[in-house]
Amino acid sequence: MNRRLRLLPLVIVGLILAAGCASREGQISAITTAQRCAGAQTVILVIGAHRDAPEPTLDPPVICQLTAAIRAGKPVRIVVASGQPQLIIPQLPSQADATLAEQHSPWVGRDVQLVETAVAAARPDAPGVDDLAALAVAADEVRTLGAPDADLVLVDSGLDDRGALDFTVPGLLAATPAEVAGQLKGTDNLPDLQGFTVTLVGVGYTATPQPPLSAKWRSNVTAIWVATLRAAGAKVEVIPQPGQGPSVSTNEPVQLVPLPTTQHVAPGYHKTLVFTGASPVRFQPNTTAFVDQAAAIRALLPIARWLAADRSRHAWLEGTTADVGLMSGQIALSRLRADRVRSVLISLGASAAEISIRGVGSDFPQFTPDRNAAGILLAGPATLNRSVRITLG
């Protein structure tokens, strides 16, 4: 794993006032009894100091972890999660005197502020973002230190634009978390995080020009990260702390992650409307149950009304799937899903005689290959191959 090392100069100490230290120490003291700070461990902060994500800040639970580590003389590191992650080693004076730190010295608060200042000053020196690679760098550093255990804290949107977990790949943001984790494991792209605890902070929150994610897509991105990190052997905790504000000032570019669009359904003759696994009409894995039934009904209502307005109109429903399992099973599932959509249209006012259905599995002209050369399922294309295609006439 390529990593770059930078030492944080001690001149930052001069930027911190004694009054500020006392204030911070008082604030920290109020939260040091939190459960997550009960056992002091090495702390590696993986921060998204790049475009398109809010400028990283450390919220109270993370400050608590950091304070416990410094007080116990544990190592503290920062990894900047750019396209080429860089390791920063803050120079903390009190780390040279663990006994003083253990005595709740004001220097502990001063060192915490040194770390916060380093986080605020961090900037990428390469384009893009790769949080997954940054976590691998963090794990490597822990092993280099010989620390028996450590807390890795990811403070970022989680929207990698490169590497193994590249959310610019169409369909990936809406993919089933277990399939994403399976793809990474099958392609040997999971970092070794066995024995680590990874805390996720601010996942799914963006800054302009990256469009904001709705609650459901933030939830799915978080679930993808949780599934991925657990597959890598980590224990995962999520701090539901929304990232806010603009990103850091930098000239290093980051690619925009395309978001699933909210389809404007405008039925008409000779139109084909496609509802994929990234649409409101998306199904739970291997079932005919909608992920969000209310959203599916809202999307299908204009079609039902269009059909109900003229009983001579017709809708041909074609169910499709990803290339998973035997073709006979794919066809059966895709037909059942098309029939599920048919049932909704009828419940909304369409006539059964107006609707025809069929299932074709993964055998359809618009199919996008969703397995790599080794046969590993690719979660993004698989999500888009799962669809119900409605042709109106």
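Predicted model: local features only at pLDDT ≥ 70, side-chain atom pairs only at ≥ 80, totals over all residues.
**Exercise 1. Helix α5**

Task: Which distance should helix α5 span, and is the helix mostly buried or exposed?

Solution: 
- Helix α5 covers residues 131-145, which is 15 residues.
- The expected span is 1.5 Å times one less than the number of residues, so α5 should span 21 Å.
- The end C-alpha atoms of α5 are 21 Å apart, which agrees.
- Next, burial. Buried means under 20% relative accessible area.
- In α5, 11 of the 15 residues are buried, so the helix is largely enclosed by the rest of the structure.
- Among the buried residues are Asp131, Leu132, Glu141 and Val142.
- After α5 comes Gly146, with a positive phi near 75°.

**Exercise 2. Helices α6 and α7**

Task: At what angle do α6 and α7 pack, and which residues make the contact?

Solution: 
- Two packed helices are described by the angle and the distance between their axes.
- For α6 (residues 177-186) and α7 (residues 215-231), the angle is about 40° and the axes are 8 Å apart.
- The two helices are therefore oblique to each other.
- Their crossing is right-handed.
- From α6, the contact uses Pro177, Ala178, Val180, Ala181 and Leu184.
- From α7, it uses Asn220, Ala223, Ile224, Ala227, Thr228 and Ala231.
- By class, that gives nine nonpolar, two polar and no charged residues.

**Exercise 3. Val274**

Task: Where is Val274 found, and which residues does it contact beyond its neighbours within four places in sequence?

Solution: 
- Val274 lies in strand β8, residues 272-276.
- Its relative accessible area is 27%, so Val274 is partly exposed.
- Beyond those neighbours, Val274 contacts Gln263, Ser387, Val388 and Arg389.
- Leu384 is 110 residues from Val274 in sequence, yet their C-alpha atoms are 9.9 Å apart.

Technical notes
Residues numbered from 1 in each chain as written. Heavy atoms only, no water. Helix = DSSP H or I, 4+ residues; strand = E, 2+ residues; numbered from the N terminus. Buried < 20%, exposed > 50% of the residue type's maximum accessible area, 1.4 Å probe, protein only. Contact = heavy atoms within 4.5 Å. Axes fitted to C-alpha atoms, helices over the stretch in contact; angles between N-to-C directions. Parallel < 35°, antiparallel > 145°, perpendicular 65-115°, else oblique. Left-handed = near helix turned anticlockwise from the far one by under 90°. Nonpolar A, V, L, I, M, F, W, Y, C, P; charged D, E, K, R; others polar.
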